[in-house]
Structure formats: structure tokens, C-alpha cells
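User: I am new to this structure and would like to learn how its features are read. Please guide me through them one at a time.

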Amino acid sequence: MKRLLQAPNLALATLWADMLCGAGFAASVQRAWAGSIAGEIPPDQALPEVWLQDGNRCDEARELLNSWQSAPHRRWVCSQCQELVEGPFEQCWNCNAPMPLHAI
Ligand SMILES: [Zn+2]
């Protein structure tokens, strides 16, 4: 197990881990709830991390994440849950609803 990166929030960490798993990486989210368990760090300061089962594939996984992040940037509001979705995603990370067709 090796730490791949720290995510700004749990939703993104979960999304990235899901996308990595979909691409064939054994990725998981760690430390996501450390803050609330310890009771000392505010939950929003206990940043979640994405870990890879196979540490030798970290470079490969980072390249993949970079390619996703440099994909055409989108910004749209989910028609199901009104969540603002930013990035190259065609699905709402909150409720999995598909991107509306009018979004660019
Ligand atoms: Zn949604």
C-alpha cells in the first residue's frame, strides 16, 4: 500500500478512487474519517487520501489522473440534486445522474 495523493475533500477522493478502480487499479480512500474519530481535528481538516494497493503503479496512476484533469474542463449543475460538478466528469459524483445534454 502506498499513498498516491491527498484529496481536497471526501467526494473527490472517492471519485478518484472509483475512477482508478475502473481503470484497473486497486485504489482505496484512507483516513477519511480520522478527524471525527480523533475528535481533535475538525473533519474538514482531516483530508482524505487515495492509496494504491500496488505502490509500483503510482506513477502510472498519477499520469492517468493528470490526463483526466487536463481533459476539457466542464462545469455543470446536476439536474437531480443541484450539485455543482466541476472537471471532466460526465456523471454527478453526488448522485450518479448523467450530465445534462446542454452542458459543455
Ligand atoms: Zn447529482
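This is a predicted model: local features need pLDDT of at least 70, side-chain atom pairs count only at pLDDT 80 or more; totals for chains, interfaces and linings use all residues.

User: Where is Pro 100 placed, and which residues does Pro 100 contact beyond its neighbours within four places in sequence?

Analyst: Pro 100 lies in the segment after β5 (84-86). With neighbours within four places in sequence set aside, Pro 100 is in contact with Trp 76 and Ser 79. The C-alpha atoms of Pro 100 and Cys 78 are 7.4 Å apart, although 22 residues separate the two along the chain. Pro 100 has 12 other C-beta atoms within 10 Å, so Pro 100 is exposed.

User: How many helices and strands does the chain have, and what pattern does the chain follow along the sequence?

Analyst: The chain has 3 helices and 5 strands. Read along the sequence, these follow the pattern β-α-β-α-β-α-β-β.

User: What is the order of the strands in the open sheet?

Analyst: In general, the strands of a sheet pair through backbone hydrogen bonds, and the pairing may be parallel or antiparallel. Here, an open sheet of 3 strands is arranged in the order β1-β3-β2, and its pairing is antiparallel. β1 (2-6) and β2 (27-30) are the edge strands, each pairing on one side only. From one strand to the next, the twist averages 35°.

User: How many bridges join β1 to β3, and which residue stands opposite Arg 3?

Analyst: β1 and β3 (residues 49-52) run antiparallel and are joined by 4 bridges. Arg 3 stands opposite Trp 51 in β3.

User: Which strands does helix α1 touch, and where does helix α3 lie?

Analyst: Helix α1 (residues 10-22) packs on the sheet and touches β2 and β3. The direction of α1 makes about 165° with that of β2. Helix α3 (residues 58-69) lies across β1 and β3, and runs at about 20° to β1.

User: Which residues form the largest nonpolar core, and which element gives the most to this core?

Analyst: The largest nonpolar core has 11 residues, including Leu 4, Trp 16, Phe 25, Val 50 and Ala 61. The elements that contribute two or more residues to this core are α1 and β3. Helix α1 gives the most, with 5 residues.

User: What share of the residues counts as buried, and what share of the contacts joins residues at least 24 apart?

Analyst: Of the 104 residues of the chain, 14% count as buried. Among contacts between residues at least 6 apart in sequence, 43% join residues at least 24 apart.

Note on methods:
Residues are numbered from 1 along each chain as its sequence is written. Two strands pair if DSSP finds at least two bridges between them. Axes are lines fitted to C-alpha atoms, for helices over the stretch in contact, and angles run from 0 to 180 degrees between N-to-C directions. Two residues are in contact if their C-beta atoms, placed from the backbone, lie within 7 Å. A nonpolar core is a set of buried Ala, Val, Leu, Ile, Met, Phe, Trp, Tyr and Cys residues joined through C-beta atoms within 7 Å. A residue is buried if 20 or more other C-beta atoms lie within 10 Å of its own, exposed if 12 or fewer, and partly exposed in between; C-beta atoms are placed from the backbone.
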